Amino acid sequence: MPASVRGAGAALAVLLAAFAAAGPRLVANPPDRQFQEYVFAPPMRPRLIDAFGAPRSPFVYPLILEDRLERRYAEDRSRPMPLRLFQNGALLSAAGDAPWFLLGTDALGRDQFARLASGARLSLGVALLAALGALAIGTVVGGIAGFSGGALDDGLMRAADFVIALPALYVVLALRAAMPLVLSSSQVFWTMVAVLAIAGWPFPARAVRAVIRSERTREYAEAARAVGASRTRLLLRHLLPAARGVLIVQSTLLLPAFVLAEATLSFVGLGFGEPISSWGTMLRDAGGGRAIAEAPWLLAPAAAIVLAALTVNLLTAGDSARTRAPRLQ
Amino acid sequence: MRRGLLSFVGRRLLLALLLVFVVSSASLLLVDAAPGDHFSAFDLDPATAAAERHRLGLDKSLPARYGAWLARATRFDFGESMKYRRPVVQLVAERAPMTALLGAVALAIATLIGVPAGIFTGSRRNALTAAARALSLVVVSVPSLVTSFGLLFLAARTGWLPVGGLASTADGHAWTAARYLILPATALALPIAATIERLQSQALSDALSEPSVRAALARGCSRRRAVWRHAFRLSLTPVLAIYGVIVGTVLSGSFAVEIVTSWPGLGALMYEALVSRDLFLVAGCAAAGAVFLAFGTLIADVALALADPRTSESVPS
């Protein structure tokens, strides 16, 4: 099972990365453009067979508004719009005078797919950079603690344990609350990266420290010391590479947690703000039970969050469940 | 051994006290450090705002403000909420039990699903367990923020469960509250149930290959008895060990779930406090959150120590 499962995970990872990299260039509609004639438009499915049962190259039917009050749309079967690659400055676009919404539109008539794609950059970007930050701090702290031992080791690990014992989300919220409520989107981005890295570092720190402590008494470390390697060289060149495995495991724990943390923060309004699209702000726009019952495509960002977590879980499916304790949700 | 456990609990209570102190102080100071305050959000005339600030002692210097708050906090007076104009302790006392109820019910659901499912998937290998494992891999990837949206969608479509959220903590009968509780509790429980299932499954299949269990099987003990009587007890330790971590997941997860499903708990209160820059209420909620987490992990650790004598021997280290 693990080999094929990991293959699926790797394929998903490539797909997500490509999705985020292509971002706003994926479809023709800009993510923040409001199509006022197309509020709550349903997804427009690409088709291969037209109304007369004849096969054609991929196309979509444009929408016509049937009832403005009920926001009921119908397909205009008389004029199919063929799909085009690499035109209108987009990877995929529909030829014709009507816009094409692969995943429908939200309450303001914005293209959900375009928002999802440009949001992928922010949501995955925050998670990735925050995980790198947490791993960097964790490696430094864990490396120093494991290598030096004694009182320094004790103090650093007590600090790590203390941060772990804090209610993680409350800490993240309080740290975020120290900044003004309204920030520019790049300020939000870096604030979130910093806040999440601060909340997440103790986990890799403890893991790295454990590895360094056991490795430094191994023969190869003794040998390196015997031939005169300096302490810095011993730590950087010989011991830290041994921690690569635990760092990878730790990153697979932190990444989904951070994607979720961004979504939660933006969802409650302490993350990215209005015109910006991230997966969290899109969930916020989806609103309550009534709106999503009418327009289930508004849950697309939720599916994206699941897909990101599933990717990581598939990639690590073979590992023991015991090392994969979730936290920081 | 009992003495060891007692002193362990004592030390953990001290640590909990320290945690509550640090968390509430830090959140108070952090929110205080942000530009603007509760009163700058409204178009109050400057004189009224100044009078309000003076009444709450917000016009003093930072050390004086903090000192005053700390002095009151030691007497369990966490100040007055600016938004609700009521004592913070009262508000937290109203909301915290709702979160405790939500968390306890979610934990119970997760355990009741996760442990039997894990025993099932851990003790045999066939198409059904493979399917169950795949399902739990998917469910473990769905955070409670997403499950609450999904269940909300289902509830709104089918009309089986109320979607509006429990209006107030005071009204109505237990049954009404229970009906409103189903959705958030299930949303919170699902990812945790999958986590427990994976862990229980792993622990049980590890335990089945332990020498003691193999010896039991060799003596002619039935497979069912070997699983339930021998392997299950061995698998209890790693599963109980995860509950200390799960308490944190429940607390963090309940924040999102409470807001999505309008459950009037501590997370929703913390959120309101943060958005309206309600200084003392933020600190009070953070303190309550720290208390929850500290006691939850303490209970989990004591349960672990009682279930596994080896742990309690190594406890006073």
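# A walk through chain B

Select chain B to begin: of its contacts (heavy atoms within 4.5 Å) between residues at least 6 apart in sequence, 76% join residues at least 24 apart. You are looking at a predicted model, where local features need pLDDT of at least 70, side-chain atom pairs count only at pLDDT 80 or more, and totals for chains, interfaces and linings use all residues. Residues are numbered from 1 along each chain as its sequence is written, chains are lettered from A and ligands numbered from 1 in the order in which they are written, and side-chain values use heavy atoms, without hydrogens and water.

Now switch to a cartoon view. Chain B shows 12 helices and zero strands; these are DSSP runs numbered from the N terminus (helices: H or I, at least four residues; strands: E, at least two). Of the 317 residues in chain B, 49% are buried, meaning under 20% relative accessible area with a 1.4 Å probe, protein chains only (exposed is over 50%, partly exposed in between).

Next, select A:Trp279 and B:Leu145. They have the most contacts inside the largest nonpolar core, which has 158 residues. Such a core is a set of buried Ala, Val, Leu, Ile, Met, Phe, Trp, Tyr and Cys residues joined through side-chain atoms within 4.5 Å. Colour helix α9 (residues 223-260) of chain B too: with 15 residues, α9 gives the most to this core.

Stay with B:Leu145. Leaving aside neighbours within four places in sequence, its contacts include A:Phe267, A:Leu283 and B:Val260.

Last stop: B:Val291, in helix α11 of chain B. B:Val291 is partly exposed, with a relative accessible area of 33%.
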